[in-house]
Each structure stands twice: as structure tokens, then as C-alpha cells.
Amino acid sequence: MSGEHDAADRAHREAQAERLLAAWRTPTGWRYWSAVNNSEVGAWYTVAAFVFFLFAGVLALLVRVQLAVPSNDFLSADVYNQAFTLHGTVMMFLFAVPIFEAFSILILPQILASRDLPFPRLSAYGFWSFVIGGVFVCGSIFFGAAPDAGWFMYPPLTTDLEQSGIGTDIWLLGLSFIEVASIAAAIELIVGVLKCRPPGMRINFMPLYAWYVLVVGGMILFAFPPLIAGDLLFEMERAFDWPFFDPERGGDPLLWQHLFWIFGHPEVYIIFLPAIALVAMIVPTFAQRPIFGYSWVVLAAVGTGFLSFGLWVHHMYATGLPAISIGFFSAASEAVVIPTGVQIFVFIATLLTGRVIFSTPLLFIAGALAIFLIGGLTGVMVALAPFDWQAHDTYFVVAHLHYVLIGGMLFPIVAGFYYYFPLVTGKKLSDRLGRTAFWLMFSGFNIAFLPMHLTGLRGMPRRVFTYPEGLGWDTLNMVSTVGAFIFAAGILVVLLDVMRPKRRQPYAERNPWNAGTLEWLCEMPGKPWGVRSIPLVTSRYPLWEQANFVRDVDEGRFFLPDAEEGERETLVTSVLDAEGVQCLRVPGPTFLTMAAAVFTGGVFIFATYHWYAATAVSGVLALASIIAWLWTGTAVIPEKDEKHIGHGRTLPLYMSGPRSVGWWAMCITMIGDMTAFFSLVFTYFFFWTVNPSFPPEAAPGPGVLWPAVALAMLIGAWALTTMARRWNARDRVLSLRAGLALAIVLAAASMGALVFGVRGTGLDPTASSYGATVWVLILWLAAHVAVGSVMQAYCIARSMAGKLTGKWDIEIRNVSLYWHFLAFTAAATTAVIALFPLVD
């Protein structure tokens, strides 16, 4: 009888596995590219980022060849400018940040033992946006149209249409499109960490990688929007002559530096912290013990992220800032060393107190810490204003930057490739080739960049395409060029190891590193469902600390071991204690996300060439694609209210409000949006402080009447939207539809009143920075009102289709949340333009 029972139990588990396989199977043939499973998207996202990295590396080698000898004519000045600009742009915007997001989309579901992240279609949209934007920006160099003013695009050189060509517009609009992809990925990752952890994984049990993802995702929300706002101001000046950076009309080029570096310096830590996250996963594995000082690492990561937003001015010491400002930012620049040092000491302590297993990933980690330490020490030097004044814009800064970024980011990423490659492919990379690659990269890097410190101290400025002989730079530049090619040879060895045929190589054993974290539950080769059953987690290293853990997962003894209805399902849990709140059904394959990305890309690309009719058509098609994707794949009404998930527990299949992933995504999106808005408000008050007369006497203000009328109508639209949510909860269908329709009318009337009132004063956006800033705030508000009105119309359509009811109400709840933020934006905008500056 026991044998029959075991056979029946085995047959039952096999049937469950077959149903899971059917639900999560990836399409084949041409439909493969419609796949939106995050494992597929993350893998291709990572590949695309690495391709852009290789492209930028080739550009770097061209630059080094040009600088190898004095008076070289290998590259012309124009091509050299395009090459070094694209090198920096691609490394910072198309590799350093995207590789973290791509890699996280790939492995985070496994780290959290989740079947998938909550918004696979959003990840797919971000991936296609990234690829299209990257090809657009990188391809420009083959047509002689690449940006050529540095990866920072300082005005006034770049706002002068005669001095800078179409390349500047390609940089501005192409990167704005890419930044949309970055923010989309950040939303996916933040919500995934907060809401898709396995039951029992309280916030203090989270893997350190998840903590770093959370910190970096939050940093992206606060760092990228100011750059998007700056890009908007920049393009408005270039396209329509709105003088944000023209001193003759009240603008100021330093405004761009503030907006750029309040993004640019946090970006250094946005790049560095994910690499440290890989170190935090790899070091305990090869020390064969839990991390030493888990809480200290978490606090240090949060502290680093917080302090990073107080450092941006140390890039601007040479701009003539007040001494008190320089002193404050110099102190903050020194202070960030403390949490960074805590993390490094924790890793050293973990190794010293463990049983270290020497391996290729750990070798790259050791090299990373050594190189980053040198970069950190030179960072302390340039944080001191007197030294920075001497080294500013010299090759000393180039050396410092590369020691920080390559030591702090690239070496850990290669370590992560060697560590996680079996997780993705089921097969290990070669230890022999890995060690060869390490020594080539480590020696080549130091040969290339260590001499640059001396080159800079001897006075060689950055961004010069050639130099005369006899200045003491000749030998140092030749050594740096040789080192760059040795380093490139190491990268090629890594590429060879990844690309070499592995058909005859056996699959790695399961959990080949004997790690303790959840991602190593993966079978070799892995299954498309990720994890056989979603476990109950009661420790930080469950593979080490929970008895029979792998066996129980494999035998389906935890949650969601089956897919009876053939749907792709994962668990949603509470933010703090990871208690189950929903069985989430994630959407399957679709081409709609690709179409939405293509048409969104069209908006930015057509606008680059001032083809505004095509821009408008592409925008309409992008909106239609996004609405179709939301209609078919979001908030689908299930055939039953609850689902049995195992262990005698049932969870709802539908959830709205603060416990749902959609509500969190909307809230996080609007936080990022508000950051961009506050950047525009900062612009207004920045001009107020730097201009002796603001507004200019010749520039009439909008007054109080029409802004007040517009605000009153917008508050009415907000109130109606809020009431519509309540009416919907009571199934008052006609009240819901009428209230939303009236809200749309009020919103349109409010914008009409505001534009009419301001235009009636004759305020010209091209005459002064005051007029330009007032109008850009109005346009920002109008764009958000238009989006809010589309959302209200969408709710009406869902209600008429019977898909929005008192029971199924996620759309109206999320739209109501959007309008809360919009009401604040409206109040702040009208207050700023109508009441400030206060007139005695």
C-alpha cells in the first residue's frame, strides 16, 4: 500500500509540474519575441547592455590610439569629439545603470523565489525602449551626427545652434527616451522587492541584493527626473528659443550644471551600489558563512544613498561658488566615505571569519576592492576644494573616475557573470579562462589608468584630441594606450568564455557554489517556472539553515505547486512581514509592448528632427498601444474570487488599493514625477535668486485671478474623481460615469482658463527666463491634466464594458491616486506663478 501511495503521490507531482510547464512555457519561432517573462527579458536586456559596453570600449580604444603619440592625426578633432562623447554617454547611460536593471530583472525573481516580478509587460516595454534608444544614439556616429560636446553637454556651447549640430538633440531626446526605460525598470524592481517576496521573508530577512535593489531603485526615482527636467528645458531652448541658459535674457548656464550633477553624482552610487550588492551575495558564499554585520551593511547602503544627494556641487568647485557652499559640500563629500568604508570592512570581516574557498568570482571581487580603494582615496583628494582647483578638468580626474567606476562596478559585474552564469544557462564558465581574463584586466587597467594621475598632475587637460611633444606627457600616454589594449584583451577573453560552444560541456551540479540563498534552488538546467513551489522562509540563508528545504520545494510542499487553470501565477505579500495577500496572475506573451516602445521611440526620434506631425501621429499610436496592453493584460477579472495556494490557505485573485501592486506602482511613479516637477520649481526660484530683477519689469506676470480660477476648476475635477471612486464602491454606475465626464470637462476648462489668462498678459516665453519658466510650468501641468483626463475616460470605458464595478475597482482607485498628486501639482504651480515673487 505504501508503494502505491508513493507512486500516486509521484504521479500527482508530475502532473502539477506539467501544468506549470504549460503555463510558463516560452513561445517558439517568431512569437518568441513576444515573450514577457522576466527571465527572457532580463537575459536579452543584459545582452543588449553588454553589446553597448563593447561598442563604447571600441570608442575608448580609438581615443587611446589617437592620444598614444603627440600631434597624431589618426582621428580628426571632430571625430575624436564624437568618439569620447559617445564613449562616456554609452558607458554611463547605456551600460552602467542598465546592466544593473537588466541583471536584476533576470535574477531577482530567483533571489526572491518568486515566479515572476509583478509587471513583466512593463519590463518588456523598458527593454525595447532601451534597445531602440540605444541604437538611435549610438548609430548617429556612423552618419557623422553624433553628439560631440562631452557626456555632460554643458551650455552655452551646446545651446548655440551654430556651434552644435543635430548631435546635441540626439543626445537630449535619445537619452530622455532611455531614461524612461530606466525609470520603468526601477518601478518594476521596487514593487517586486516590496510586494513579491516569499511568505515569511520579513524585511529583515531580505537578501542583501534585494536591499540594494530597493535603495538604488529609490535613488533612480530621485536622480533621473531632474535630468529629464533639464533635458526638457534644454530642448525647449534649442527648438523654440526659450532662454533658460542665455544670460542675456535672464538665463544661467549654471542651472544646467545643477540639474545635471544632482543626477550625475548620485548616479555614481547608483552604479556602485548594485556592484556592491553582487559582492554581498558572492562573499558569504565563498566564505561559507552568513554575512558579518547584516544590519550594518543595510544601514550603510541606505546612508550611502542618502548622502549621495548632498555631493553634486563638488563637481562645480571651479564655477565661483560661495566659500560656505564649497565648505558644506566638501564636508559631505568626505562624509560619504564612512558608509562606504563600513561595507568594505564588513566584507573583509566576513572573509576573515569564514572558511574561504578561492574561486574566479572571488578573484574578481578582490581585484575590485583593491582598485576601488585607490579610487576612493583619490576621491577624498578631489573632494578638497584647493586640490580640486588644481586637478579640475585634468587627466587626474579621468583616472579617479575610472578607478571608481571600473573597480567599483565592472570587476564585480564580471564576478557576477562567473558566479551566476550557471543559474542562467546551467553551465559554468572556465576557471582557467576566467583567471587569465582577470590578470589581463587587472594589470591592463592599472597600466592604463595609474599613469593618468601623473599625466593630470603634469597639466594635461581632458578632452583634447592631440598635444605637442616635449610636455612630459608622451611616454605616459603611450603606456596608458598599451595598458588599455591589455585590458581590452582581458574583456575579449571573458567574451570568448561566454560565447564558446558548450554543447558537449555537462550541466553544472545543482547549487554548484554551495550557496545559502534562494536563487540556487534553481535546477540545472532551469525550468521556465523559476521555482517548483514558493517556499516559506524563516531565515536569511534558508538553503543552509532550514532543514529539508530543497526537497520540500521540489516536492511541491510549499505554496502554488500547481497551475490548475493554466495561468501564470505568483504570490503578492505584505511589505513588512511578507504575509500573503494575493495570488497575482501575470500576463502572458504579447507584441503590444514592442509596438508601444516603437511608437514611443518615434515621438522622441521624430521630435529630434522637428517632424512634429509625425511626432503627433506616433504619440497617438503609442497611447493606443499602451491602452490596448493595459486593457488586455492588467486587472483581468478572474473566473473565481479566491484560489487555494497550499497549506490550507486561500488568497484572493483580485486586489485593489494600497495592498495591490498596481497601487504601489502608481504611487512610486508619481514620486518620480514629483521629483521632476520640483526640479522645474527649483528652476523658477533659482532664477529668482540669480537675477537682480525677477520678474523683469517688461515681463507682465500672470496675475492671481486666472490661476485661481484654473485651480478652482482643477480642484473640482479632483473632487469629482474622488467622489466617483466612492460612487463606484456603491455601484452607482451612472453617478460614476457622469462624475468622471464632468471632471474631464472641468479639467479642460481649467487649462483653457489658465492659458487664456497668461496669454492675455502678453507674457512671451522667448523674451526672458521668467516667461519661459512660467510657461514650462503651465505646459507641465497641462500635460499631466491631459494624461489624467485620458485616465478618466479609460475608467468610463471600463465601466461601460462591465470591467469596472464596485467589486472590480483597481482602475478608479489608481486614477484617484494619480489625481491626488495632480491636485498638489496644480496647487503648487498656480501658487508659484501667481504669488512669487511677493511684491511689497
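Is threonine 722 buried or exposed? Threonine 722 counts as buried, at 10% relative accessibility. The model is predicted: local features need pLDDT of at least 70, side-chain atom pairs count only at pLDDT 80 or more, and totals for chains, interfaces and linings use all residues. Residues are numbered from 1 along each chain as its sequence is written, and side-chain values use heavy atoms, with hydrogens and water left out.

**View 1. Threonine 722 in helix α21.** Helix α21 spans residues 705–729. Helices are DSSP runs (H or I, at least four residues), numbered from the N terminus. Buried means under 20% relative accessible area, exposed over 50%, and partly exposed in between (1.4 Å probe, protein chains only). Threonine 722 is in contact with Ser816 and His820, leaving aside its neighbours within four places in sequence. Contact means heavy atoms within 4.5 Å.

**View 2. Phenylalanine 52 pairs with phenylalanine 130.** The structure holds 71 aromatic pairs. This one is edge-to-face, with 5.4 Å centre to centre and 90 degrees between the planes. Phenylalanine 52 lies in helix α2 (residues 38–67) and phenylalanine 130 in helix α4 (residues 120–139), so the pair ties together parts 78 residues apart in sequence. Rings of Phe, Tyr and Trp (its six-membered ring) pair if their centres lie within 6.5 Å; planes under 30 degrees apart count as stacked, over 60 as edge-to-face and the rest as tilted. Phenylalanine 52 is buried at 9% relative accessibility. Phenylalanine 130 is buried too, at 1%.

**View 3. Phenylalanine 606 and tryptophan 611 form a tilted pair.** Their ring centres are 6.2 Å apart, with 40 degrees between the planes. Phenylalanine 606 is partly exposed, at 27% relative accessibility. Tryptophan 611 is partly exposed at 48%.

**View 4. One aromatic cluster.** Its members include Phe93, Trp151, Phe152, Tyr154, Trp171 and Phe224. Also among them are Phe234, Phe245, Trp256 and Phe263.

**View 5. Charges over rings.** The charged end of lysine 427 sits over the ring of tyrosine 507, 4.9 Å from its centre. Arginine 798 lies over the face of tryptophan 631, at 4.8 Å from the ring centre. A charge sits over a ring if NZ of Lys or CZ of Arg is within 6 Å of the ring centre and within 35 degrees of the ring normal.

**View 6. Helix α8 packs with helix α10.** Residues 294–307 form α8, and residues 337–352 form α10. They pack at an angle of about 150 degrees, with their axes 8 Å apart. Axes are lines fitted to C-alpha atoms, for helices over the stretch in contact; angles run from 0 to 180 degrees between N-to-C directions. The two are therefore roughly antiparallel. Angles under 35 degrees count as roughly parallel, over 145 as roughly antiparallel, 65 to 115 as roughly perpendicular and the rest as oblique. Residues of α8, including Trp296, Ala300 and Leu307, meet residues of α10, including Pro339, Val342 and Val346.

**View 7. Helix α20 packs with helix α23.** Here α20 (residues 661–690) and α23 (residues 769–800) pack at about 165 degrees, with their axes 8 Å apart. That makes α20 roughly antiparallel to α23. Among the residues that meet are Met666, Phe677 and Phe687 in α20, and Ser769, Trp780 and Met791 in α23.
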